[in-house]
Amino acid sequence: MSLSPFLNNLLTSYQAAPSADNSQPCCLSWESPVLILGYDEERVGSYTFPYDSQATLLAAGAALENILRCCEDAGVGAEVTLFPEGEGSNVYAKISLEGFEAVTNSVLPDSVAARHTNRHPYKKGAVPKRLADKVENFGSEVGVNVKVVSRKADIALIAKQVQVASEIRFQTQEVHEWLEKSLRFTAQEVERGDGLDVETLALPPGGGAFLRLVSCWSRMKKLNRIGAYKLLAAIDSAPVRNAPALLAISASDSMLGGLNAGRVMCRAWSYLNAEGLACHPYYVISDQLERLKQDRVPEVLTGQAKDMQKNCQPLFDLKGEQTLMMLLRVGYPKKKALRSRRLSLEKVFKNLSDN
Ligand SMILES: Cc1cc2nc3c(=O)[nH]c(=O)nc-3n(C[C@H](O)[C@H](O)[C@H](O)COP(=O)(O)O)c2cc1C
């Protein structure tokens with residue numbers, strides 16, 4: 001059964017949301033007039049973050065934000081119930097739409113279409129204060145802090161922590177194996193529509209072959225004996241050190257905090273992209289902070305992870321139960337980024353309705 005142009009745009013908005021390693025962990029179902037946003041355990045549970053992890057909540061929050069942006073643009077009322085089955089369930093939101101049938105003319109919101117990841121180097125030009133001030137207010141109503149860092153000395157201190165977190169990351173089997181499963185090297189692999197197309201990673205010549213070599217954990221483990229993790233972490237963190245600005249998003253360390261942070265992240269990222277700025281998320285610090293809390297950092301590396309945690313508190317103004325949710329590198333792009341693909345709609349959406 002065919003959907004109205006508005007519902008089709010809403011689904012495109014939902015699918016356009018960012019996710020860690022482009023895993024697209026959500027599923028959406030439609031039982032008119034209600035949308036249900038949840039986690040697709042069956043499809044992604046074995047190779048990416050679980051339903052209650054910060055990374056998944058950020059992706060779910062981003063998908064929710066894009067859906068609500070589409071409703072707002074079309075003048076459709078949306079009544080949202082977060083965690084309708086409680087926080088222990090993998091259903092994130094129920095969204096009841098009012099008056100959607102009356103929408104005859106619908107276009108995809110510009111900011112939704114503009115948002116994407118750009119991993120190329122950026123120009124040196126500063127992020128205009130007017131834009132920085134604006135995004136810093138995006139999370140104030142939901143307890144999400146958005147901080148724009150543009151002082152060179154502060155950026156260098158944060159880049160150092162990205163490097164430390166990245167060194168831990170390249171010595172962590174589980175994260176490395178997830179990456180291996182996410183990488184898409186051939187046209188046929190890219191065709192699947194999920195995962196990381198290596199062409200979007202802005203690698204230097206020969207970078208793809210090198211990545212293929214080190215993406216296998218047993219090989220990486222051997223290469224780590226001669227310090228490969230240090231080299232990779234230095235390469236990974238260099239763009240942060242050279243960034244004109246960083247955007248740090250922090251919120252309470254809870255499921256609601258993660259979901260709200262995802263909404264605010266997507267709003268800020270879309271807004272900046274629509275204003276001509278490029279953004280590149282770095283999740284590595286947040287991931288290691290969460291792993292540390294859950295005792296999932298390899299034992300020999302917990303000392304380094306704890307030092308990193310201590311160093312991050314003043315850098316990101318983390319107080320009480322707050323944690324860093326996401327860090328983004330921001331600046332004017334030197335080069336257009338190749339857009340990443342999406343899964344076909346039937347893999348991420350179920351229509352349980354007649355209209
Ligand atoms: C929670 C989360 C974590 C991410 N972490 C990283 C990261 O550490 N490095 C990176 O290059 N991209 C990261 N990304 C960006 C995704 O890889 C990207 O959103 C996805 O591939 C889809 O591409 P698009 O943003 O261009 O639509 C992250 C995105 C999300 C939502």
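**Exercise 1. Determine how many residues of strand S10 are buried, and which strands pair with S10.**

Strand S10, spanning residues 322–331, is mostly covered, since 9 of its 10 residues are buried, where buried means under 20% relative accessible area, exposed means over 50%, and partly exposed lies in between (1.4 Å probe, protein chains only). The model is a predicted one, in which local features need pLDDT of at least 70 and side-chain atom pairs count only at pLDDT 80 or more, while totals for chains, interfaces and linings use all residues. Residues are numbered from 1 along each chain as its sequence is written, and side-chain values use heavy atoms, with hydrogens and water left out.

Strand S8 (residues 245–252) runs antiparallel to S10 and is joined to it by 8 bridges, with Ser-252 standing opposite Gln-322. Strand S9 (residues 278–282) also pairs with S10 in the antiparallel sense, over 5 bridges, and here Tyr-282 stands opposite Leu-327.

**Exercise 2. For the salt bridge between Glu-65 and Arg-263, find the closest N and O distance and state which helices hold the two residues.**

A salt bridge requires a side-chain nitrogen of Lys or Arg within 4 Å of a carboxyl oxygen of Asp or Glu, and a search of the whole structure finds 16 of them. In the pair formed by Glu-65 and Arg-263, the closest N and O atoms are 2.9 Å apart. Glu-65 lies in helix H3 (residues 54–74) and Arg-263 in helix H12 (residues 255–274), so the pair ties together parts that are 198 residues apart in sequence. As for cover, Glu-65 counts as buried because its relative accessibility is 4%, whereas Arg-263, at 23%, counts as partly exposed.

**Exercise 3. Locate the salt bridge between Arg-291 and Glu-174, and classify each residue as buried or partly exposed.**

The side chains of Arg-291 and Glu-174 meet at 3.1 Å, N to O. This pair links distant parts of the chain, with Arg-291 in helix H13 (residues 284–293) and Glu-174 in helix H7 (residues 173–182), 117 residues apart. Arg-291 has 2% relative accessibility and therefore counts as buried, while Glu-174, at 32%, counts as partly exposed.

Key. Helix = DSSP H or I, 4+ residues; strand = E, 2+ residues; numbered from the N terminus. Pairing = 2+ DSSP bridges.
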